[in-house]
Amino acid sequence: MKLIMQPTFSTCGQACIAMIAGKNVEEVIRDMKTNGATSIDQLIEILICNFPAT
């Protein structure tokens, strides 16, 4: 897993998702439609969209 630094102090959730998904953090911010704080529900939702159950 490649380390991705959060671009701002409030984008740690987006940076974590970017690392898990192997995406660019800016792409995750765009997909999540927020560059601010995220809830656990938002993080779960974006993970489900990126890694649907098989």
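What share of the contacts in the protein with a separation of 6 or more comes from residues 24 or more positions apart? In this predicted model, such pairs account for 30% of those contacts.

**View 1. Overall fold of the predicted model, with three helices and zero strands.** Read along the sequence, the elements follow the pattern α-α-α, and the C-alpha atoms fill a box of roughly 35 × 25 × 15 Å along the principal axes. The radius of gyration is 10 Å, which agrees with the value near 10 Å that a compact globule of 54 residues would have. Of the 54 residues, 28% count as buried, while the protein exposes about 3,800 Å², with 62% of that area supplied by carbon and sulfur atoms.

View 2. Asn35 counts as exposed because its relative accessible area is 54%, where exposed means over 50%. Leaving aside residues up to four places away in sequence, Asn35 touches Thr8, Ser10, Thr11, Gln14 and Ile29. Asn35 also lies 9.6 Å from Cys12, C-alpha to C-alpha, with the two residues 23 apart in sequence.

**View 3. A nonpolar surface patch made by Met1, Ile20 and Phe51.** The patch has an area of about 380 Å². One of its contributors, Met1, is placed in the segment before α1 (12-21), and Met1 counts as exposed because its relative accessibility is 82%.

How values were computed. Residues are numbered from 1 along each chain as its sequence is written. This is a predicted model: local features need pLDDT of at least 70, side-chain atom pairs count only at pLDDT 80 or more; totals for chains, interfaces and linings use all residues. Side-chain values use heavy atoms; hydrogens and water are left out. Patches are made of residues with over 30% relative accessible area and no salt bridge: like charges are joined within 9 Å, nonpolar side chains (Val, Leu, Ile, Met, Phe, Trp, Tyr) within 5 Å. Accessible areas come from the Shrake-Rupley method with a 1.4 Å probe; for residues, only the protein chains shown count as cover. A salt bridge is a side-chain nitrogen of Lys or Arg within 4 Å of a carboxyl oxygen of Asp or Glu. Helices (H or I, at least four residues) and strands (E, at least two) are DSSP runs, numbered from the N terminus. Buried means under 20% relative accessible area, exposed over 50%, partly exposed in between (1.4 Å probe, protein chains only). Contact means heavy atoms within 4.5 Å. The radius of gyration is taken over C-alpha atoms; the globule rule is 2.2 Å times the number of residues to the power 0.38.
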